[in-house]
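Please look through the predicted model shown below.

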Amino acid sequence: MERRRDMRDSLPGRFSRDMSAQQSEGRKVSKDLKSKNILSFKAAILIQRWYRRHVARLEMRRRCTWRIFQSIEYSGEQDHLKLNNFFDYLMTNFTPSNRKERDFVKHILSEPDVARDLTKLEKSLQYQSVMVPDSYMGPRLSFPLFHEDATALLEAFKQNQQLHAHYVLRLCHEARRHLMQLPNITHISTRYSEEITVCGDLHGQLADLFLIFYKNGLPAPQKAYVFNGDFVDRGKQSVEVLIVLLVFLLIYPKEVHLNRGNHEDYMVNLRYGLTKEVTRKYKEHGSRIMKVLQNLFSCLPLATVVDGKVLIVHGGVSDITDLGQLAKIDRFKILSVITQKRKNSVAVDSFETENLTFARGGFCRASNPENKAEFSRRVQHMVQEDLKTCRKQAERSKFPEAETSVRSFASTSEVYMRTCEVRNVEEYDDIEQILDILWSDPIPQNGCRNNDDRGGGCYFGPDVTEKFLQKHNLQFIIRSHECKPEGYDICHNRKVITVFSASNYYTVGSNRGAYLKIGPDLTPHFIQYQAGKGTHKLTMTQRISRVEESAYQVLKEKVFAHRSDLMTAFKSFDKKNTGSITLNEWAKAMESVLQLGLPWRMLRSQLVLHLTNGKLEYRTWLKEIVTEQWSSAQERLHSSLLENIYRNLSTLETIFSMIDSDHSGYISLEEFQQTWKLFSAHMNIEISEKSISDLARSIDFNKDGNIDFNEFIEAFRLVRQAPY
């Protein structure tokens, strides 16, 4: 009994001791868990910080490479403007010393006249004279076209087949007839289709067009498309892209709409690839096809309006853009906005009478009443000055006929002045209207100013957009013209939308493409994509690294083309001739010469790999910045001449293309020498006639008196040296 009692007495104690032990162990476990949770939380914060820094660095690298590509692209467009300034220089300053020089300059500067060239155009459109051989195994078109023809053509293009010149000319003939019936501004409605798909720049990238059709479907009665310009140039399949769009335009004329872009311009095509592509693919018929395309592009409508509320235009607007005036312009006369602008701007300057040539007083931008008044004042001033000169000559002559001649001239001049003033100001206004809607870009700041980066159009701010929309009772603007990293962009309080449909535009992985869809509610929906199987397998870091490598290679080649100027700029900072400069001085010199607006100090890690005592040895750096292989033609030239050739290679290629009007690929030695004589005078390049002759003879490989300027261009391209 006593033992049982002891046992009962011990049970509560034992239970109490056990509970105490468990509580103590629980507190210990809880403390350990709490400590582990704190460590896990700290680790998560550290990982998150690291990841954010990693993403921020990647984004900084991406933005730097993007800035490089865009700056160099706009620099190329500036060079194209400089080429037109070169033509202006010839028109106003160059005095031919003989008939050959005069004919040569006339040949370069001649602007095709629509009325005069109508007969030639009709001959070019005579596709019947171009026979399709029995051996031709490519796609065929039978008119009128049907949906099955389009699908068969798409399959043929996927197999890299080429459409015969006969069908290309016939297609252009039918498309031109249709386009000529359309107004300058096309009005469409969402009531007749489920949604309207708007595509931006394609730039000859057929893979992007195929991908859009795969994701969104082919054009159909209930599936309308608006292609917002820049179908051609830069890409390798501009011809195929244009053919596909024209085929669908003829099959579904109410559902497919094409707007003109700044690259639907034969002068731009000379520089950016379409002319060269057509010549390469169609050889003997290339000249005829380009003549037809030149006219076809002028027939494209300038803008599209959806439900009276949404304006679709390639570039943008300006403070003078007026849809009423755009609707009245005779767009068929404007084969090239660039040359037409020059042609009108010198119309007054080059006016000649039998006894007198008007002074070249320039031409002001007639974008507002003040400028028009300024133009009127300048014309009146020119006339009055010429009248004074004539009166003085009449007083000296002492012949009554002289005074009569002065009065007659005064009357003629006043009539001409009034007629010329009205006609040319109106024509110039029309060109400015088209130039602004094709070349302009939006900016976040208010106001409207010249687009100096591109050399054409303007920069327009949110206030300009707001006034334009209120004036025309519109809700927003859809435009293209600018490559965007994500394929689209929204700005100006969601009232300006940019859509760009050419993915991998600068290089593989550089950007996505996009298109947008709008329904009756006019709410835009964006669809993004990226053509090319390889891009989807790459990580973000790999993609940025590839794009970065390509961007810096392009930038290094730009540096190579300006080595002499950079050496001079570096030496200006190196007062003691030590051969070294600071990084800050290096950055200032780089920007002063290249003028690309790049953050040079941020790019230093990729461009400047070695420093000595914190300074850059610029002579060594310039030697190592580009590893190039020299061609035999390059080795024979003085370094300064080589740099000037390389720096202006695209400009020279454009000039040669203009001289080679039949697109044969050849120009004569005499034309080559005349080109260099004029070009060197304009660019202030000191080149002796002997050097030009030696250069010409060295390029005339078969000694037949003609130069294959495609070989000339290739002879002066940099070839990257393979690493050892």
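**Cavities, a helix and ring pairs**

In this predicted model, four cavities of 30 Å³ or more are counted. The second largest cavity has a volume of about 70 Å³, and its lining is made up of Val168, Leu171, Cys172, Val239, Leu242, Ile243, Leu246, Leu274, Tyr282, Ile289 and Leu293. Two or more lining residues come from each of α5 (165-179), α7 (238-251), α9 (274-282) and α10, with α7 giving the most, four residues. Sorted by class, the lining has 11 nonpolar residues and no polar or charged ones.

Helix α10 (residues 286-298) has 13 residues, which at 1.5 Å a residue should span 18 Å, and the 19 Å between its end C-alpha atoms agrees with this. Of these 13 residues, 10 are buried, among them Ile289 and Leu293, both of which also line the second largest cavity.

The structure also holds 14 aromatic pairs. In one of them, the rings of Phe213 and Phe248 have centres 5.5 Å apart and planes at 65°, so the pair is edge-to-face. Because Phe213 lies in helix α6 (residues 206-216) and Phe248 in helix α7, this pair ties together parts that are 35 residues apart in sequence; Phe213 and Phe248 are both buried. The rings of Tyr515 and Tyr529, with centres 6.1 Å apart and planes at 35°, form a tilted pair, and since Tyr515 lies in strand β13 (residues 513-518) and Tyr529 in strand β14 (residues 525-529), the pair ties together parts that are 14 residues apart in sequence. Elsewhere, ring pairs link Trp66, Phe69, Phe500, Tyr505 and Tyr506 into a cluster.

Technical notes
Residues are numbered from 1 along each chain as its sequence is written. This is a predicted model: local features need pLDDT of at least 70, side-chain atom pairs count only at pLDDT 80 or more; totals for chains, interfaces and linings use all residues. Side-chain values use heavy atoms; hydrogens and water are left out. The expected span of a helix is 1.5 Å times one less than its number of residues. Buried means under 20% relative accessible area, exposed over 50%, partly exposed in between (1.4 Å probe, protein chains only). On a 1 Å grid over the protein atoms alone, a cavity is a set of points where a 1.4 Å probe fits but cannot get out, and a pocket is an open set with protein on both sides within 12 Å along at least five of seven lines; lining residues have an atom within 4 Å of a point. Grid points are joined across faces, edges and corners, and a volume is the space filled by probe spheres set on the points. Ala, Val, Leu, Ile, Met, Phe, Trp, Tyr, Cys and Pro count as nonpolar, Asp, Glu, Lys and Arg as charged, and the others, Gly among them, as polar. Rings of Phe, Tyr and Trp (its six-membered ring) pair if their centres lie within 6.5 Å; planes under 30 degrees apart count as stacked, over 60 as edge-to-face and the rest as tilted.
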